[in-house]
Amino acid sequence: MWNGNYLDVRDLQVREPGCGLGTRMLGSSRSMNLDVGNKGTFILEGVCGVLAAGVTWTFEPCELPGWQGEQQAQALMAENCGCPAPSRPNFLLLLADDLGLGDLGSFGNRSLRTPHLDGLARDGVRLTQHLAAASVCSLSLAAFLTGRYPVRLGMVTTNGARVLQWAAVSGGLPTSEITFAKILQEQGYATGLIGKWHLGLNCESPTDHCQHPLNHGFDSFFGVLFTLMGDCLQAEPLEKRARLQGPLDLGAQLLLLSRLCLDSGKLTGLLGLRWVPWVLGPVCGALLLACTSRLLGVFIVHADCFLMRDHQVVQQPLRFEASAGLFLREAEAFMHRHQASPFLLLVSFFHVHVPLVTSPAFRGRSAHGAYGDNVEELDWMVGRLLAALDGAGLGRRTLVYFTSDHSASLEARAGAPASGGGRGLPRGGKGMGSWEGGVRVPGPVCWPGTLPAGRLVPEPTSLMYLFPTVVRLARGWVPADREVEGRDLMPALLGMAQAAGHDFLLHYCEARLHAVRWFNHPSCTVWKLHFATPRFDSPGSGTCLGFPACACLGRRMTRHLRPLLFDLTVDPGETCPLQGPMATRRRVEAAVARMLRTRRPLVARPSPLHTTPGARACSPAARPDRSVPATT
């Protein structure tokens, strides 16, 4: 990439012809001479090209006299390899909330109507094993924006408070972190965020707005600070109000009880008290606490449920019923305003978080009640945004990516009417640190004319991978002063190579490592070891009813003396763990243990891997013993 003085080849990769797992790396270096005997392909800052057969190419990061810049670089590429570097794309990133993997037609649903999202997957590339970095909102979004594990960001806790919930508190995405929006802003992109933020507002004072989206790389912000909570609509579940109302009601009851005791002492003559301060005082206190408890919901609605444009509050409280139309019009106006220049627009939906807010036009339309209605409205909103892109002539110049911050809330499906999603989902759900059903999310990526239509990427990929992918396509620089877990997705999306991701991905619950996923390249097998799993509300329920989320530690969590091992390639639902002293288990455990010994721990390691025999395994017919070679 031409940076004004130098031709940078820091990220040059040269491979033999072919796609997928069959390609072989020919060379990769900051400065190299390449003699390619056969025709090959290369990736240079996310731009594909062709190396002519028998031509020696020399790449040096040195000053080039007379170099005219990027246009001459494109002309040289066109002359020598017939593949001119494309202009930087726009980015439309669409992020749903609590959407189940099995709730889209393109991922197996046959009863909900999601034609626009299904079309996005059909016309683009589908990441079939796409993963959130956390199973709760704030941490997942932070990892998505920075390409880093949440435990690196100082945003995890050990006390059960796993997401931000109040506008007035100090906390959120640290100002020292670099988001892809910040890098693209420096590259001349117009950057916008519409919808929920959920990564904090203030640091030291109520007005410093140090963690506001505009301080993390976004030129404009139109949305709310939090996800859609029941408190904002005075509807179940009441996350904030329930937590505060209990102590207030208990305090009022204790004051009334003390009043009865004082009355008894006064009437029997055992206590010589003056009526006004000692007897009437507890009554006044109890009334005050009771009134505060009753009015608490109204206070929360006005204090925390407001709409902001940049730094200004423009609607307080927010009228959620009209929010879908507001956000759509804002997104369409943003794309129209910036159609002549590159832009990045992140639309972070309220849909499909409970309580479900659905426009009248979509109520009662689906086969799955209120939740299905909300999913179908989400699909319609995505269709509106895609139509706005095409109407502005931006379809072939824009990379469109859709996903969810994590998977469905199973607790919301309890009761009547059920309001949560995830039908046909793998085991587990939102708030469960390691079960597949909490972190597996849909991942269609579409860039017409550039990405092949209908391609599947079966290797594990993460929301964190969007960071280097977006940055490099925009010709920015991935920060070298910090550990970035994200990997560039473009080789896999183009079909030029397998996903250049990790052999291992770590699954944390708060600050504790609960599971490790290992992609064994030679056998194309995905293994997963669970060191700890949550205890469900009742055996077989699959949920943690009565709690905001499943626990990460303590009595509500089971720590396995011998980790549970699953072959996700044949058992994506994690229904039948491999157990017993078989060769496959020993090899997988050895590979994971070696990784944990050699890598610097982010926060904490799990307990050592044990090799004692476990309980009776599932039937051999259900669980084949696939041989896995040891890794170095």
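Contact here means heavy atoms within 4.5 Å. The model is predicted.

**Exercise 1.** Determine how many residues of helix 3 are buried, and which elements they pack against.

Solution. 
- Step 1. Helix 3 covers residues 137-146.
- Step 2. Buried means under 20% relative accessible area. The residues of helix 3 that count as buried are C137, S138, L139, S140, L141, A142, A143, F144, L145 and T146.
- Step 3. That is 10 of the 10 residues, so helix 3 is largely enclosed by the rest of the structure.
- Step 4. After helix 3 comes G147, with a positive phi near 75 degrees.

**Exercise 2.** Decide whether V457 is buried or exposed, and list what it touches beyond its sequence neighbours.

Solution. 
- Step 1. V457 belongs to strand 18, residues 455-457.
- Step 2. V457 is buried because its relative accessibility is 0%.
- Step 3. With neighbours within four places in sequence set aside, the contacts of V457 are V125, R126, L127, T128, Q129 and A492.
- Step 4. G495 lies 38 residues from V457 along the chain, and their C-alpha atoms are 8.6 Å apart.

**Exercise 3.** Describe the largest cavity by volume and by the class of its lining residues.

Solution. 
- Step 1. The structure has 12 cavities of 30 Å³ or more.
- Step 2. The largest cavity holds about 70 Å³ of space.
- Step 3. Its lining includes V224, F226, C232, K240, D304 and F350.
- Step 4. Sorted by class, the lining of the largest cavity comprises 9 nonpolar, 1 polar and 2 charged residues.

Methods: Residues are numbered from 1 along each chain as its sequence is written. This is a predicted model: local features need pLDDT of at least 70, side-chain atom pairs count only at pLDDT 80 or more; totals for chains, interfaces and linings use all residues. Side-chain values use heavy atoms; hydrogens and water are left out. On a 1 Å grid over the protein atoms alone, a cavity is a set of points where a 1.4 Å probe fits but cannot get out, and a pocket is an open set with protein on both sides within 12 Å along at least five of seven lines; lining residues have an atom within 4 Å of a point. Grid points are joined across faces, edges and corners, and a volume is the space filled by probe spheres set on the points. Ala, Val, Leu, Ile, Met, Phe, Trp, Tyr, Cys and Pro count as nonpolar, Asp, Glu, Lys and Arg as charged, and the others, Gly among them, as polar. Helices (H or I, at least four residues) and strands (E, at least two) are DSSP runs, numbered from the N terminus. Buried means under 20% relative accessible area, exposed over 50%, partly exposed in between (1.4 Å probe, protein chains only).
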